[in-house]
Amino acid sequence: MCTGAGQVVCVTGASGYIASWLVKFLLQRGYTVKATVRDLSDPKKVDHLLNLDGAKQRLHLVKANLLEEGSFDSAVQGCHAVFHTASPFFSGAKDPQTELLDPAVKGTLNVLKSCVNSPTLKRVVLTSSVAALLNNERPKTPDVVVDETWFSDPEFCRKNGGWYNLSKTLAEEVAWKFAKENNIDLVTINPALVTGPLLQPVLNTSAAAVLNFVNGSPTFRNVTLGWIDVRDVANAHILAYENASANGRYLLVERVEHHSNAIKILRDLYPTIQLPEKCIDDKPYPAIYQVSKEKAKSLGLEYTPLEVSLKDTVESLKEKKFTPF
């Protein structure tokens with residue numbers, strides 16, 4: 001599987017959930033990886049990367065900060081591909097502008113500006129999100145099929161206080177505009193809620209959503225959303241670089257389920273674990289809509305079933321001692 005032998009790639013925000021798997025798979029495929037992190041001296045950010053197979057020979061850690069213009073210049077230098085995954089993801093921001101919007105939007109521009117001057121660069125693969133597709137007034141009913149032509153409406157995000165959704169929407173908007181103006185070959189990956197095992201030692205937002213199911217909480221949220229395995233997301237990034245014909249956006253959703261159905265799956269897998277029994281409110285459950293898988297399949301991507309993904313998430317949370325059991 002050494003398709004990447006002799007090729008140098010950059011992964012931004014390399015210590016993150018998706019990025020760590022991306023680095024692992026790139027090293028497995030023979031790539032040399034320049035991985036950016038904010039703090040090279042933080043073992044929680046770098047140790048799990050340095051312990052990956054092939055890291056001693058082909059992993060180079062580079063310090064970079066999303067908000068510093070030019071800080072990605074050395075990381076991008078000599079690279080054939082840049083995978084820009086770095087972007088904050090959490091809820092409950094006190095200052096959305098500083099905590100979410102600036103790092104996402106300015107950070108994306110800073111990375112792309114560093115790419116402009118790179119003669120070796122073939123393609124930039126940007127980690128976007130379904131958050132940049134779904135947040136608009138369009139109805140999401142069982143007969144509706146969401147696909148890559150959908151875009152979130154920034155006003156809709158603002159009105160609903162969806163600051164993370166807004167950050168991903170604006171970041172993707174500026175990325176397409178800048179890429180077009182500067183002749184950068186850009187592809188975006190738009191995953192749904194990401195589950196699956198953790199390589200990094202710290203709990204991330206999407207794995208925390210699964211932890212909330214198994215840590216004794218009495219209620220579950222009344223939400224219907226898409227689910228996708230972290231390993232599939234990492235693979236999709238690599239396929240989007242390696243397939244010369246890849247273009248535009250790639251929506252990644254294995255299936256759409258309400259939280260109650262995700263809990264049903266977990267109940268079958270773990271009959272003895274205490275799981276939430278009731279919904280947090282008595283409103284009707286949002287409908288399960290459809291999602292097009294055509295474009296993702298054209299990359300050659302095969303999805304990990306949600307059952308496997310949820311089980312692997314729980315096992316990983318157990319192993320890292322996040323669970324109460």
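**A chat about the fold of a predicted chain**

Biologist: Among contacts between residues at least 6 apart in sequence, what share joins residues at least 24 apart?
Modeller: In this predicted model, 79% of those contacts in the chain join residues at least 24 apart.

Biologist: And how many helices and strands are there in the chain?
Modeller: The chain has 13 helices and 14 strands.

Biologist: What does the radius of gyration say about the overall form?
Modeller: A compact globule with 325 residues would have a radius of gyration near 20 Å, and the chain has 19 Å, which agrees. Along the principal axes, the C-alpha atoms fill a box of roughly 55 × 40 × 40 Å.

Biologist: How much of the chain is buried?
Modeller: Of its 325 residues, 56% count as buried. The chain exposes about 14500 Å², and 53% of that area is supplied by carbon and sulfur atoms.

Biologist: Which residues have the most contacts inside the largest nonpolar core?
Modeller: They are Val11, Val23, Leu26, Val33, Phe83, Val146 and Leu252, in a core of 78 residues. Helix H1, residues 17-28, gives this core its largest share, nine residues. Apart from it lies another core, of 21 residues, with Cys10, Val111, Leu112 and Val124 among them.

Biologist: Why would such side chains gather like that?
Modeller: Nonpolar side chains tend to be buried together in soluble globular proteins.

Biologist: Back to Val23: what does it touch?
Modeller: Leaving aside residues up to four places away in sequence, Val23 touches Val11, Ala14, Val33, Leu49, Leu52 and Leu59.

Biologist: What span should H10 have?
Modeller: At 1.5 Å a residue, H10 (residues 230-242) should span 18 Å; its end C-alpha atoms are 19 Å apart, which agrees.

Biologist: What about Asn183: where does it lie, and what is its phi?
Modeller: Asn183 lies in the loop between helix H8 and strand S7. Its phi is near 60°, a positive value in a residue other than glycine. Asn183 is exposed, with a relative accessible area of 76%.

Biologist: And Lys321, buried or exposed?
Modeller: Lys321 counts as exposed, at 71% relative accessibility. It lies in the segment after helix H13, and its phi is near 60°.

Biologist: Finally, which domain does UniProt list for residues 9-246?
Modeller: An unreviewed UniProt entry lists those residues as "domain: NAD-dependent epimerase/dehydratase". The span is 42% helix and 18% strand, and its end C-alpha atoms lie 17 Å apart.

Definitions and conventions. Residues are numbered from 1 along each chain as its sequence is written. This is a predicted model: local features need pLDDT of at least 70, side-chain atom pairs count only at pLDDT 80 or more; totals for chains, interfaces and linings use all residues. Side-chain values use heavy atoms; hydrogens and water are left out. A nonpolar core is a set of buried Ala, Val, Leu, Ile, Met, Phe, Trp, Tyr and Cys residues joined through side-chain atoms within 4.5 Å. Buried means under 20% relative accessible area, exposed over 50%, partly exposed in between (1.4 Å probe, protein chains only). Helices (H or I, at least four residues) and strands (E, at least two) are DSSP runs, numbered from the N terminus. Contact means heavy atoms within 4.5 Å. UniProt positions are given in the numbering used here, feature names are shortened, and annotations may be inferred rather than shown by experiment. The radius of gyration is taken over C-alpha atoms; the globule rule is 2.2 Å times the number of residues to the power 0.38. Accessible areas come from the Shrake-Rupley method with a 1.4 Å probe; for residues, only the protein chains shown count as cover. The expected span of a helix is 1.5 Å times one less than its number of residues.
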